[in-house]
Amino acid sequence: MTYAVFALLVAVPWVGHVYILTAILNNLYGRRLPKAFLKPYRLFTGVAILCFPLPFNSAWRLQGDPVSLDPVEGRGHAVLAYLTVCCIVGGIVVPAVTAYRLLKPKAAAVVAERTDTVDLWPLHGPALIGDGKMSFAPRLPLNCCFQVDFTDLTLSVPSLPAAWDGLTVLLLSDLHFHGTPSRLYFEQVVKRLAAGPPPDVVVLAGDYVDTDTHREWLAPVLGPLKWAECGLAVLGNHDAHHAPDTLRADLAGLGYRVLGNGWQTLTIRGVEAVAVGHEGPWFAPPPDLSAAPVGPFRLCVSHSPDSFDWGRANKVGLMLAGHVHGGQVRLPVVGSIFVPSVYGRRFDQGVFEAGGTVLVVSRGLSGKEPLRFRCHPQAVRLTLRPRG
């Protein structure tokens, strides 16, 4: 066996190894687990991925030229079993999943989609960076954290009231105020959003702050946003660590209906609807809709897209979510890698539909780590159409 062939044989199981460890990490990050566990486990995963060749050195001896593998007694066969699994995953599962994701058609709900990308760096430069943790990151090559996608989506939604034909909804998520990006970045994004006609509904899908002190950004940043009918908001998992009751009060002070894990009836364009909030699993218990009216359209704001099946079971017509940031790092062809969801990469971005429920997942505007590669931050404006 030549060294080139040996390298290829290592590459395939290494891809499987990465896939397995990342799938476990994604699943854990989608659950209500303490930071004291998640952060060390994330570090362990990174080290385990980088150290993958070590099993060859510890369990197998490379002999001669061309190379032959000589198993070390007591270790080689156990490693071989794991490598066999990794080969199956890396050689069959990963290509199959990648092909499925590339070939999967858009959700039937998508009528039209247009995105305008605005690069704020040439306009404002270093003033966008601010003074938060990892303030060095925005200067890394290929980091696109200041290239904002303003996406317009026209959706055909089952059971949408006829009076809501043309209803516009602005979806913002994952602001993650902590100093980097600076407040100027968010103000410029909101300035562009506020320059046009106000949407009928403004939806905030959570994760506003990563420090207690940056709550003071909420009013000056979000204050310019106006709506014709109502504003709806929920909290995210990061908000749970930074005085969530105060955050709720701040959002209510800006005029938003803060839904929490619950529901409210409201009237939009003269039609009664049920607005549902889902902040699980980080805030409990999950929404109980047993007493909610059955007839009116149900609009759900969920921080995480993981509640999609819950939404289908509870007859939600439209669900709006964030949380997963599109993965933040997206490789060519393969797409996202680390997506904090129990479903892995299934709901990393975009529009999904099943059982009469339409789910829209925004990539969000920022993140605790200001790193974005092939994954622009995003603000989403929806125009809703009834499905005939």
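Author: Ala, Val, Leu, Ile, Met, Phe, Trp, Tyr, Cys and Pro count as nonpolar, Asp, Glu, Lys and Arg as charged, and the others, Gly among them, as polar. The lining of the largest pocket has 27 nonpolar, 11 polar and 11 charged residues. This is a predicted model, where local features need pLDDT of at least 70, side-chain atom pairs count only at pLDDT 80 or more, and totals for linings use all residues. Residues are numbered from 1 along each chain, and side-chain values use heavy atoms, without hydrogens and water.

Reader: How do you know that tyrosine 41 and phenylalanine 44 are a pair, and what makes its type?

Author: Rings of Phe, Tyr and Trp (its six-membered ring) pair with centres within 6.5 Å; planes under 30 degrees apart are stacked, over 60 edge-to-face, the rest tilted. The structure holds 14 aromatic pairs. In this one, the centres are 5.7 Å apart and the planes stand at 45°, so the pair is tilted.

Reader: Is tyrosine 41 buried or exposed, and why?

Author: Buried means under 20% relative accessible area, exposed over 50%, partly exposed in between (1.4 Å probe, protein chains only). Tyrosine 41 has 18%, so tyrosine 41 is buried.

Reader: What is phenylalanine 44 called?

Author: Phenylalanine 44 has 48%, so phenylalanine 44 is partly exposed.

Reader: Where does the charged end of arginine 248 sit?

Author: Over the ring of phenylalanine 283, 5.1 Å from its centre. The test is NZ of Lys or CZ of Arg within 6 Å of the ring centre and within 35 degrees of the ring normal. Arginine 346 lies over the face of tyrosine 343, at 5.3 Å from the ring centre.
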